[in-house]
Amino acid sequence: MWVVDSTPVECGRSRETAKRSDLAGWAEDGYCASHSRYFWGLRPHLVCTLGGLPIAFALTGAKADERDVLLAMFTTGPDLLATRPGQTLIGDKNYFGAGFEAAIAGAGIRLLRPARKGEPERAGAPFFKPLRQIVE
């Protein structure tokens, strides 16, 4: 069982810092819903085991879509999934969409995530509450 998540890393607060920083061109303006604020920085993405062993990672600008980054991580290292058929991946509500879920299923991954507002309860719902702190 693997877990996936990303987190914002603020690289500066002032507009002047953003202009002069060596990260200009890499870091971007983004929004962090969990902290309810905008930030200028990067977003590391991590797929790891429940014990914390890293499986795959990526570092992107703040605006990168988590779903696209996850798919790119798996297509960049195709042997990662070839040796683990039927892998289960737990993510948060942001890993949604019919096209995304079809692509993940096509790669042989079983995706477990909480239901979004208005969706019926999904498979694996009893696992999410106790695992939420581990994922974070």
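Tutor: Let us start with the sulfur of Cys 48, which is too far from any other cysteine sulfur for a bond, because the closest one, in Cys 32, is 18 Å away. Two notes before we go on: the model is predicted, so local features need pLDDT of at least 70 and side-chain atom pairs count only at pLDDT 80 or more, while totals for chains, interfaces and linings use all residues. Residues are numbered from 1 along each chain as its sequence is written, and side-chain values use heavy atoms, with hydrogens and water left out.

A disulfide is a covalent bond between the sulfur atoms of two cysteines. Here a pair of cysteine sulfur atoms has to lie within 2.5 Å to count as one, and by this rule the count is zero disulfides. Cys 32 is likewise in no disulfide, and its nearest cysteine sulfur, that of Cys 11, is 13 Å away.

How buried are these two cysteines? Cys 48 has 11% relative accessibility and counts as buried, and Cys 32 is buried as well, with a relative accessible area of 4%. Buried means under 20% relative accessible area, exposed over 50%, and partly exposed in between (1.4 Å probe, protein chains only).

In soluble globular proteins, nonpolar side chains tend to be buried together. A nonpolar core is a set of buried Ala, Val, Leu, Ile, Met, Phe, Trp, Tyr and Cys residues joined through side-chain atoms within 4.5 Å. The largest one has 17 residues, and those touching the most other members are Trp 2, Val 47, Leu 70, Met 73, Phe 74, Leu 89 and Ile 104. At least two residues of this core come from each of strand S1 (2-6), strand S5 (54-61), helix H2 (66-76), helix H3 (79-82), helix H4 (98-106) and strand S7 (109-112). These elements are DSSP runs numbered from the N terminus: helices are H or I with at least four residues, and strands are E with at least two. The largest share, four residues, comes from H2. Cys 48 itself belongs to a second, separate core of five residues, which also includes Val 3, Ile 90 and Leu 112.

Apart from neighbours within four places in sequence, Phe 74 is in contact (heavy atoms within 4.5 Å) with Trp 2, Val 47, Leu 80, Leu 81, Leu 89, Ile 104 and Ile 109.

Next come the rings. Rings of Phe, Tyr and Trp (its six-membered ring) pair if their centres lie within 6.5 Å; planes under 30 degrees apart count as stacked, over 60 as edge-to-face and the rest as tilted. That rule gives three aromatic pairs. The rings of Trp 2 and Phe 74 have centres 6.3 Å apart and planes at 25°, so this pair is stacked. Trp 2 in strand S1 and Phe 74 in helix H2 are 72 residues apart, so the pair links distant parts of the chain. Both partners are buried: Trp 2 at 4% relative accessibility and Phe 74 at 5%. Tyr 95 and Phe 100 form a tilted pair, because their ring centres are 6.2 Å apart and their planes are at 35°.

Gln 87 is buried at 11% relative accessible area. Not counting residues up to four places away in sequence, Gln 87 touches Met 1, Trp 2, Gly 108, Ile 109 and Arg 110.

Finally, what about charged side chains? A salt bridge puts a side-chain nitrogen of Lys or Arg within 4 Å of a carboxyl oxygen of Asp or Glu, and the whole structure has five. In one of them, Arg 37 meets Glu 10, with the closest N and O atoms 3.1 Å apart. This pair links distant parts of the chain, 27 residues apart: Arg 37 is in strand S4 (residues 37-49) and Glu 10 in strand S2 (residues 9-12). Arg 37 is partly exposed at 33% relative accessible area, and Glu 10 is partly exposed at 29%.
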